Amino acid sequence: MIHSIVWLGFLALFLTLLWLDLGFLHRKVQSLSVRQALSATAMWVTVAVTFSAVIYGLYEYRWFDWQPGTAGEANGRDALIAFVTGYLLEWSLSVDNIFVIALIFAYLRVPAQYQYRVLFWGIVGAIVLRGAMIATGTALIHAFDWMFYVFGAILLASAVRMLKGDEHYDPSKSLLVRITRRLFPVADHLDGAHFFTRVGGRITATPLLIALLLVDFADVVFAVDSIPAILAVTQDTFLVFSSNAFAILGLRALYFAIAGLMEQFRYLKYSLVFILVFVAIKMMLTLHYHISNLLSLAIILAMLLVGIAVSMWMMRRSGA
């Protein structure tokens, strides 16, 4: 079990990076161009890669003691591979989530200059909800071996859903939206970047609050895919949580990058379907046959590159 000092240090680092992102780096930024978003995405990837060196030292040199006989026994190389694989899985599976977020913003007519604020607070909510889901998923796997088959089946079902696509997703039919409208009066218009406003002397929710709730709900739904996927790689709670956190940290910049390049990467979805199927098989075979994390990392990276390459090739062939 990772020492509590490591957990506290990581949470302090994560919150500091969040504060720097909104309070310092992008205080005056209302929206990001594709070029700016790609630069910001590269920065967050660099931060994650830098932290992976900390992961290596933490597990290789045992900077803090942990109880023997736990997941903390992983050496630096294995921990590093697990972290990078988990980060890449979460980062790649977030692409499908981004398409849904774009639909939510379009439905609620949220201007680009306010989308960044919604995504920031969405990340804060997402990290709390994912922490609870990771703890629950890890406990279930440790308690019941057959949960590997359950999570594997969830991933296969997710692959089928992704393959069918959900281009006609309608946020207005969301149960969350209907419940929110019953609990709070909702204004028909935005009030700048505020989540609440006053209408006729009453405190009223704005469509920006609805967008925030839908974004967090969408993240939880997609976490049902991504968390079982990384649990197929490692059941070390610290590695699962930290790789998820760093991937989510760059989600806002990734959204503006992908949202502006959606048509150019139309075949990336098929790579994600293949990745989900592969990880599902890996999870179901865990008790019978071990597929190394290094091989898993190579396959995942290769499929992402294939999806990007085919998308660009087809775009050039069609003259788009």
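## Helix H4 against helix H5

Gly 137, Leu 140 and Ile 141 in H4 are in contact (heavy atoms within 4.5 Å) with Met 147, Phe 148 and Phe 151 in H5. By class, this contact of H4 with H5 has 5 nonpolar, 1 polar and no charged residues, where Ala, Val, Leu, Ile, Met, Phe, Trp, Tyr, Cys and Pro count as nonpolar, Asp, Glu, Lys and Arg as charged, and the others, Gly among them, as polar.

The model is predicted, so local features need pLDDT of at least 70 and side-chain atom pairs count only at pLDDT 80 or more, while totals for chains, interfaces and linings use all residues. Residues are numbered from 1 along each chain as its sequence is written, and side-chain values use heavy atoms, with hydrogens and water left out.

## Helix H4 against helix H8

The axes (lines fitted to C-alpha atoms over the stretch in contact, with angles from 0 to 180 degrees between N-to-C directions) of H4, residues 112-143, and H8, residues 237-249, come within 10 Å and cross at roughly 155 degrees. Because of this angle, H4 is roughly antiparallel to H8, a term used for angles over 145 degrees.

In this pair, residues of H4 including Ile 123, Ile 127 and Arg 130 meet residues of H8 including Thr 237, Val 240 and Phe 241. The contact of H4 with H8 has 8 nonpolar, 4 polar and 1 charged residues.

Methods:
Helix = DSSP H or I, 4+ residues; strand = E, 2+ residues; numbered from the N terminus. Parallel < 35°, antiparallel > 145°, perpendicular 65-115°, else oblique.
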